Amino acid sequence: MTATTHILPDFDAEAIRSDFPILSREVYGRPLVYLDNAATTQKPRAVVEAIASEYYNENANVHRGVHFLSQKATELHEASRETVRQFINAGSTSEIIFTRGTTEAINLLAFSFGEAYCQAGDEIIVTVMEHHSNIVPWQMLCQRKGMQLRVLPMNDDGTLQTDQLSTLLNSRTRLLCITHVSNVLGQVNPVADIIRTAHEAGVPVLVDGAQSTPHFAIDVQALDCDFFAFSGHKIYGPTGVGVLFGKQKYLEEMPPYQGGGEMIDHVSFDHTTYNQLPYKFEAGTPDYVGTHALATALQYVSHIGMDRIAAYERDLTAYALSQLRNVPDIHIYGHAPGATTADDAVISFNVGHIHHLDMGTLLDRLGIAVRTGHHCAEPLMRRLGVEGTVRASLAFYNTRADIDALVAGIDRVRKMF
Ligand code: PMP
């Protein structure tokens, strides 16, 4: 174990890395430095083995089967719902809807909430730093219903102009949709305060938790958010599984999003009645292997401890910022020193006139995986006045050595230009 991996005395990143087989592979003959965790995280052995084990030992379609395997698979699937409930501290498993990911969760909400509560002339508020998946479904709803999308702006340092909320919120506002952590700027938005302000105006709030859930403990009851969405693959779970949490009082009133098996109570050609929550929103065979693997991932991170993960990652982010700030001509977006928002594990930057794509491509040749481009946040790019950025995003299996490799890599690329 090297000193550089040992930031917190009781956090053994090196031992954790050995749980993730892909981290020990090489690319282009160099050790992999994986800094693209905001796009997707790598999977611990336990998650991959949970998938294989269920297919080998327990595979059968869930819910309707009377036979042994179907009951086993159903037990695993429903136990996963309970694991998710505990992980985000929801009040009931009725409030946990399995989806394909954050994107599908928000589309479900935009359709179903829109049908239940929205009409022409109503308004939805989003912020300027949303991912496209928390913009476009709302735009589509606005187009369908003749509604208006309103946008909460931000300051140059990347903090939201929350003082503008009181002018945006009005009697026509139906929902406020905000990302917990920006997938570009990596700052933690003060969602608890924003939710309080919205509630004072009688407006419910959706929190996009795609980039927060992997990094610190979530308590939807303490936040008092009305809806919360996240993706399994960003929190060390499999692709194709995600979660929409919704307060029961809304979910009860909202109509189904898709029709099919599972979501019904009784069907006739004249009349169909719908299943109880959460099944009303889960048409068709669910990805029950995926939900079990997601629960395995949540148990894995819970075993390490979300608070320990948060402390380690905040320390690593501070180290990364301190090292990157020494790079000549670097422009780091957000993360203003002294800003009131917390720094999360995502850092976007550009260096001099080097195109982000050139930087990303050349870093890749050094074995360093970063993401380049608009990061599915084109309105934010426009606000920042750039076409794209280079984004390094950290996980708890990253080390100071990874950051040192990134900084050395950037230096090498800089010297080539
Ligand atoms: N919201 C944010 C903030 C994200 O970072 C992402 C993924 N980049 C999404 C939503 C969409 O997640 P998914 O593609 O897993 O549905």
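Q: What makes up the polar side of the meeting between domain 1 and domain 2, and how many residue pairs are in polar contact?
A: In this predicted model, 23 residue pairs are in polar contact between domain 1 and domain 2, with both residues of each pair at pLDDT 80 or more. On the domain 1 side, helix 11 (306–324), strand 14 (346–351) and helix 13 (378–384) each supply at least two of the residues that touch domain 2. Sorted by class, that side has 24 nonpolar, ten polar and ten charged residues.

Q: Which stretches of the chain are called domain 1 and domain 2?
A: The domain assignment gives 13–43 + 305–416 as domain 1 and 48–302 as domain 2. Their centres, taken over C-alpha atoms, are 28 Å apart.

Q: How many residues of each domain are in contact with the other, and what area do the two bury?
A: Contact involves 44 residues of domain 1 and 36 residues of domain 2. Between them the domains bury about 3,200 Å², and 57% of that is on carbon and sulfur atoms.

Q: Why is the pair of D156 and R383 called a salt bridge?
A: The closest N and O atoms of D156 and R383 are 2.8 Å apart. The cut-off is 4 Å, so the pair qualifies. Across the interface of domain 1 and domain 2, the rule finds one salt bridge.

Q: Why can D156 and R383 be said to tie together parts of the chain?
A: D156 lies in the loop between strand 6 (148–152) and helix 6 (165–168), while R383 is in helix 13, so the pair ties together parts that are 227 residues apart in sequence.

Q: Is D156 called buried or exposed, and what about R383?
A: D156 has 68% relative accessibility. Exposed means over 50%, so D156 is called exposed. R383 has a relative accessible area of 32%, which falls between the 20% and 50% limits, so R383 is partly exposed.

Q: What makes K247 and D224 a salt bridge, and where do the two residues lie?
A: Their side chains meet at 2.8 Å, N to O, and with a limit of 4 Å the pair therefore counts. K247 is in the loop between strand 10 (242–246) and helix 9 (248–253), and D224 is in the loop between helix 8 (220–223) and strand 9 (227–231), 23 residues apart.

Definitions and conventions. Residues numbered from 1 in each chain as written. Predicted model: local features only at pLDDT ≥ 70, side-chain atom pairs only at ≥ 80, totals over all residues. Heavy atoms only, no water. Domains from an automatic or database assignment. Contact = heavy atoms within 4.5 Å. Buried area = accessible area lost by both parts, 1.4 Å probe. Polar contact = N/O pair within 3.5 Å; in protein donor to acceptor, adjacent residues only side chain to side chain. Helix = DSSP H or I, 4+ residues; strand = E, 2+ residues; numbered from the N terminus. Nonpolar A, V, L, I, M, F, W, Y, C, P; charged D, E, K, R; others polar. Buried < 20%, exposed > 50% of the residue type's maximum accessible area, 1.4 Å probe, protein only.
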